Amino acid sequence: AIFAALPHGDPRLRLLVELAAELRAGQAVRARRSDLHLGEAGGFGLGRFVVHGAGRKHGEIVDLHPELRALVDEVLSTGYLAEAEAAFRRGEISDYYLFPAGKLRNGTVPLECAIKQPLSYMAIRSMFVAVERIAGVEHQQGRSFYGLRRQATDLAPEFAQDARVLN
């Protein structure tokens, strides 16, 4: 229900969950455009998303599958990052946050917000609670991203047996 409600919530949360539901949100939310490689890379040849490690928390690399690449392309071309991506491609800015803090204006993140700072943990949590409300799911303390990670870990063996896939 939560995944089905994502398109109706904040688009930054949707992209964050789709790219990094099984990862640490605190690390993934700090990602920049330079961490998104859209060339022929990864297991599907459609690109990769790199989440950098911090301290003892290791980073991860997410290979973009066709549905995820379509979402990324949509967000960059007509979605909330369209203004920042256009400035990036024109060479006006060297990088920007994929999950920037600040209010959306007409569904887009203003350029000044895209380069300033990423979403805070509190912002992500309130976006998650809003999606729970949209989904009609009762809020449970501590579910948020950690709960999604735990659920993914518990359900993964039902969908794949290969240890590399499970990892």
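Three strands form an open sheet in the order 1-2-3, with antiparallel pairing. Strand 1 (36-37) and strand 3 (60-63) stand at the edges, each with a single partner strand, so one side of each has no neighbour in the sheet. Here two strands are taken to pair if DSSP finds at least two bridges between them. Helices (H or I, at least four residues) and strands (E, at least two) are DSSP runs, numbered from the N terminus. Strand 2 (residues 48-51) runs antiparallel to strand 3, and four bridges join the two. In one of these strands, strand 3, Glu60 is the bridge partner of Val51.

The structure is a predicted model, in which local features need pLDDT of at least 70 and side-chain atom pairs count only at pLDDT 80 or more, whereas totals for chains, interfaces and linings use all residues. Residues are numbered from 1 along each chain as its sequence is written, and side-chain values use heavy atoms, with hydrogens and water left out.

Helix 7 (residues 121-135) contains 15 residues, which at 1.5 Å a residue should span 21 Å; its end C-alpha atoms are 21 Å apart, in agreement with that value. The expected span is 1.5 Å times one less than the number of residues in the helix. The buried residues of helix 7 are Ile124, Met127, Phe128, Val131 and Glu132. Seen down the axis of helix 7, its buried residues fall within an arc of 145°, so they line one face of the helix. This arc is that of the directions from the helix axis to the C-beta atoms. Met122 and Arg133, on the other side of helix 7, are exposed. In this description, buried means under 20% relative accessible area, exposed means over 50%, and partly exposed lies in between (1.4 Å probe, protein chains only).

Ala1 lies in the segment before helix 1 (2-5). With a relative accessible area of 66%, Ala1 is exposed. Although Ala1 and Ile134 are 133 residues apart along the chain, their C-alpha atoms are separated by 9.1 Å. When residues up to four places away in sequence are not counted, Ala1 touches Ala135 and Val137, contact being defined as heavy atoms within 4.5 Å.

Side chains of opposite charge can pair when their charged atoms come close. A salt bridge is defined as a side-chain nitrogen of Lys or Arg within 4 Å of a carboxyl oxygen of Asp or Glu. By this rule the model has seven salt bridges. One of them links the side chains of Asp10 and Arg12, at 2.9 Å from N to O; both Asp10 and Arg12 are buried.

Another salt bridge joins Arg89 to Glu85, with an N to O distance of 2.7 Å. Arg89 and Glu85 are four residues apart in helix 5 (residues 82-89), and therefore about one helical turn separates them. Arg89 is exposed, at 61% relative accessibility, whereas Glu85 is buried, with a relative accessible area of 2%.

The side chains of Glu112 and Arg105 likewise meet in a salt bridge, at 3.3 Å from N to O. Glu112 is partly exposed at 45% relative accessibility, and Arg105 is exposed, its relative accessible area being 52%.
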